[in-house]
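Please look over the sequence and the structure before reading on.

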Amino acid sequence: MRACIPLALAVLCGLAWAEDHKESEPFPQPEEKTEEALASNLYSAPTSCQGRCYEAFDKHQQCHCNAHCQEFGNCCKDFESLCSDREGFSYSSDAITKEEIQSISEKIYRADTNKAQKEDIILNRQNCISPSETRDQVDHCPKPLFTYVNEKLFSKPTYAAFINLLNNYQRATGHGEHFSTQQLAEQDAFLREIMKTAVMKELYSFLHYQNRYGSEQEFVDDLKNMWFGLYSRGKEEGDSSGFEHVFSGEVKKGKVTGFHNWIRFYLQEKEGLVDYYSHILDGPWDSYPDVLAMQFTWDGYYKEVGSAFIGSSPEFEFALYSLCFIARPGKVCQLSLGGYPLAIRTYTWDSSTYGNGKKYIATAYIVSST
């Protein structure tokens with residue numbers, strides 16, 4: 001493992017792996033706390049268990065959704081219907097198990113033939129800092145993170161379709177998003193291209209076998225609503241989406257939120273808009289995709305801790321985040337990639353629903369798995 005801080009400290013920064021692959025409890029990522037993304041009043045109604053099932057006890061909540069709330073008589077009114085017999089979107093009788101999630105994530109990992117090869121990317125990680133230094137906003141790395149990227153990767157259909165989407169958003173929250181006919185067509189083109197890949201075929205086959213979707217078209221329609229459906233992060237209705245937050249990035253209250261994609265990072269760094277400051281942890285993989293937890297500024301706005309896959313194809317990230325959102329909405333999702341454990345945390349934006357109010361808009365990020 002390439003880490004410059006002890007694992008006990010690394011988990012406080014939100015990203016770490018176990019050398020012996022033993023399971024333990026994941027930790028939330030501080031950058032999401034600073035974005036207020038962990039605040040209950042942002043991701044779920046304070047009197048509902050939507051997205052809160054079996055969360056840790058919090059005395060500040062008006063009602064509770066933890067495992068002991070029935071014992072103490074302080075459950076939210078919808079605890080029984082949402083939490084008592086459910087795992088993800090399904091009942092326990094047909095729930096997707098952790099073992100099944102780890103198995104399909106390994107298949108997705110092996111199926112990512114569009115990923116970067118070792119010779120395609122040269123990173124200059126430079127200085128690794130301690131958790132106590134992440135808020136200092138000091139540039140410890142005078143050179144860019146990416147020394148070289150083989151841009152022939154970007155001519156691959158899924159990469160090209162993905163890059164076309166990145167300029168379709170206003171990064172400042174509070175400004176409503178309004179898509180042109182061309183931009184809506186680009187969303188469809190991206191979904192169409194990724195569905196041609198072995199990665200997404202593996203995911204669909206798995207979810208079809210699990211009785212989540214009856215047809216590929218139903219799956220694609222759900223992905224479009226899940227990732228491109230708009231919700232409100234600020235004062236204006238429809239100013240954000242799961243795709244914008246996770247892959248493109250946003251700015252809220254003077255801070256960078258989301259922005260978890262290496263392609264976006266590289267392109268913005270190349271334009272001089274991203275300044276790489278440091279990293280706190282480098283994942284254990286000796287090939288791509290790898291994971292890096294880093295600090296940087298984006299056009300002057302600071303990102304305290306940002307984790308991202310490095311060298312993965314767009315379909316790989318999209319598949320893993322979607323898998324976790326479908327199988328473990330609003331929870332930590334335990335994966336296995338190349339024999340190493342990794343956890344992804346998803347959130348449901350419960351104020352914005354589709355499918356007769358039964359499904360929620362997605363957002364996700366990588367968390368620890370120590």
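At what angle do the axes of helix α8 and helix α10 cross? The axes of α8 (residues 181–194) and α10 (residues 216–228) cross at roughly 125 degrees and come within 11 Å. The model is predicted: local features need pLDDT of at least 70, side-chain atom pairs count only at pLDDT 80 or more, and totals for chains, interfaces and linings use all residues. Residues are numbered from 1 along each chain as its sequence is written, and side-chain values use heavy atoms, with hydrogens and water left out.

**Helices α8 and α10**
- From α8, the contact (heavy atoms within 4.5 Å) involves Leu-184, Gln-187, Asp-188, Phe-190 and Leu-191.
- From α10, Val-220, Leu-223, Lys-224 and Phe-228 take part.
- The residues of this contact comprise six nonpolar, one polar and two charged.

**Ser-322**
- Ser-322 is part of helix α13, which spans residues 314–327.
- Ser-322 counts as buried because its relative accessibility is 0% (buried means under 20% relative accessible area, with a 1.4 Å probe and protein chains only).
- Leaving aside residues up to four places away in sequence, Ser-322 touches Leu-203, Leu-223 and Trp-227.
- The side chains of Ser-322 and Trp-227 make a polar contact at 2.9 Å (a pair of N or O atoms within 3.5 Å, one able to donate a hydrogen and the other to accept it).

**Arg-328**
- Arg-328 sits in the loop between α13 and β12 (332–337).
- At 10% relative accessibility, Arg-328 is also classed as buried.
- A polar atom of the Arg-328 side chain lies 2.8 Å from the backbone oxygen of Ile-96.

Terms used. Helix = DSSP H or I, 4+ residues; strand = E, 2+ residues; numbered from the N terminus. Buried < 20%, exposed > 50% of the residue type's maximum accessible area, 1.4 Å probe, protein only. Axes fitted to C-alpha atoms, helices over the stretch in contact; angles between N-to-C directions. Nonpolar A, V, L, I, M, F, W, Y, C, P; charged D, E, K, R; others polar.
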